[in-house]
Amino acid sequence: MSTTDIARNGDAVAPQRAAAAEAVPEQPRYSREVTLFTMLSVLLVMLLASLDQTIVGTALPRIIADLKGFDRYTWVTTAYLLTSTVMIPIYGKLSDIFGRKPIMIIALTIFLVGSALSGISQDMTQLIIFRGFQGLGAGGLMSLAIAIIGDLFSPRERARWQGVTGAVFGLAFILGPTAGGWITDNFSWRWVFYVNLPLGVIALAVLGFLMPTLYKPSKGTKIDYIGAGLLIVGVVPLLLGFSWAGSQYAWNSPQVIGLFIGAAVGLVAFVTYEMYLERTNRQPTIEPSLFRNPIFTVTVLVTMLSSVALIGSIYYIPLFLQAVVGVSATNSGSTLTPLMLTAIVMSIFSGLLVARLGKYKMIALVGSFIAILGAATLLRLGVHSTNLDVILSMLVLGLGIGTSLSLYTLVVQNALPTKIGQASAGLTFFRQIGSTTGLAALGAVFNSTYPTAFAKALPASVQATVPAQVLAIFHASPQILLSPTQLAQVHASFQAFGPGGEQLFQGILGAVKVGVADSLHGVFLFGLGISVLSTIILFFLKEIPLRGGPRQTAAMAPEAALSAEIPSKDAAEESTEVLMPMD
């Protein structure tokens with residue numbers, strides 16, 4: 001067959017070309033020692049990124065007491081959230097252009113410098129600025145770590161590591177609060193930032209000297225500065241709006257509405273500009289064509305919805321335990337241990353199962369149905385529930401959540417093997433957006449139902465006796481139950497009136513617990529609905545057998561073999577990226 005005939009039939013054999021690429025057996029590209037050391041450093045980076053959020057949260061009360069800035073309390077977290085989120089897709093695209101290794105080293109260096117600066121902060125303004133700077137590096141740590149794993153292993157091999165990477169998330173949630181409290185009590189709150197430095201330097205050294213390049217940087221590409229700027233303009237007000245709505249400002253306040261309008265304008269401009277770049281064969285930050293891949297689109301939707309259920313569990317189950325069951329706030333760091341332990345076990349098991357079967361859809365569906373069952377068990381929790389009741393619910397929910405901790409990253413990497421960096425970063429980015437918006441939505445459900453539930457549960461004798469300004473302390477929110485010092489002060493003021501005062505106080509406390517339990521029932525019901533919707537969407541997920549399996553050495557179709565021998569220019573570039581040994 002002539003070259004002309006091959007070119008004429010190029011469109012016809014294009015689908016087989018992809019099949020041929022997948023049929024080529026993938027051999028280990030690096031020595032066991034290089035792979036092991038690279039993976040250890042990558043897992044250490046993932047642990048640093050995951051721990052930083054949980055460990056700092058525990059130390060925040062001590063930080064506020066030392067730096068005197070309670071009015072800017074939330075900004076310590078918000079600044080980090082904003083900068084880390086907007087940088088996720090930018091890092092993903094940069095790593096596709098310049099390679100994973102240099103971009104990861106840059107991100108980790110920025111993160112470590114930000115950690116050191118945060119530790120030496122002398123006031124709240126400095127801490128907020130330095131936490132924002134730290135977030136600029138943190139945005140690349142998780143997404144790039146996931147992309148590096150995608151480069152090191154074929155999807156079939158990658159599934160075996162899925163359990164380990166998922167376990168890192170669970171381990172961070174278990175160790176973070178406890179480690180943060182221990183470091184703060186025995187050393188100083190500043191060490192919750194300094195502790196990143198020795199671990200980070202070790203990871204940096206391994207990445208610099210032992211990690212292979214993994215990726216040939218593209219030539220003749222340009223950074224999409226305008227697109228990155230428009231992304232920041234759109235995402236920052238969106239996250240601020242969801243972070244402030246219902247807490248700092250009302251949902252219908254001019255501030256929140258203005259932020260959402262600004263976000264809409266920025267995001268529309270971003271999408272329009274990115275579509276223009278793609279049409280003109282340039283390099284957009286997030287390629288809109290990614291969403292033409294049904295696997296990517298479905299996975300993004302499922303991931304965003306699943307993150308709502310996860311964040312609801314992490315945030316509101318401890319609230320139920322402290323406010324209703326009466327678990328001490330001192331032990332709040334360990335309340336989610338049962339959920340995270342079962343999540344770790346299920347993450348490891350599902351990873352091994354995916355690696356063995358080479359398929360993922362049925363495993364994802366089973367995990368999703370278990371998550372629905374776990375969410376349903378939360379609905380039975382009430383004012384008379386015990387700690388054991390909550391633990392049983394967490395055990396079931398953890399089994400469902402554990403399946404999805406890393407599975408969906410594997411799915412998009414398998415579907416988009418030539419765009420691993422961008423696909424991994426995109427999924428991480430939308431997961432973060434889902435967590436932020438989900439927390440705001442669940443908070444709106446709770447805040448809108450609690451005052452009514454509290455007033456309904458309040459005994460008439462208490463309403464007639466206790467002054468309205470005192471009841472207002474409990475009516476606005478149950479926050480006082482989470483502050484032992486403030487609660488003790490109010491309790492002491494009631495005890496001053498003798499047995500009658502104690503009875504009134506217990507009546508108010510009982511109403512608060514009923515109000516919290518009823519409001520959380522609405523929150524858990526909302527989470528159950530989200531889990532059901534996520535499962536319905538999951539049925540539309542297309543399954544592509546994972547590459548790298550032992551049976552993928554079957555003979556290629558004649559057309560696919562021919563197209564593999566004389567590929568088009570685009571196919572040759574893709575094949576080089578996916579199949580050839582990398583520097």
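Is Phe-430 buried or exposed? Select Phe-430: its relative accessible area is 18%, so Phe-430 is buried (buried is under 20% relative accessible area, exposed over 50%, partly exposed in between, with a 1.4 Å probe and protein chains only). This is a predicted model, in which local features need pLDDT of at least 70 and side-chain atom pairs pLDDT 80 or more, while totals for chains, interfaces and linings use all residues. Residues are numbered from 1 along each chain as its sequence is written, and side-chain values use heavy atoms, without hydrogens and water.

The whole structure has 16 aromatic pairs (rings of Phe, Tyr and Trp, the last by its six-membered ring, with centres within 6.5 Å; planes under 30 degrees apart are stacked, over 60 edge-to-face, the rest tilted). Phe-429 and Phe-430 are edge-to-face, because their ring centres lie 5.2 Å apart and their planes at 75 degrees.

Next, select Phe-494 and Phe-505, a tilted pair with 5.7 Å between centres and 50 degrees between planes. Phe-494 is in helix α20 (residues 484–495) and Phe-505 in helix α21 (residues 499–538); helices are DSSP runs of H or I, at least four residues, numbered from the N terminus. Phe-494 is buried at 7% relative accessibility, and Phe-505 is buried at 3%.

Finish at Phe-209, in helix α9 (residues 196–209). Phe-209 is exposed, at a relative accessible area of 74%.

Notes:
Helix = DSSP H or I, 4+ residues; strand = E, 2+ residues; numbered from the N terminus.
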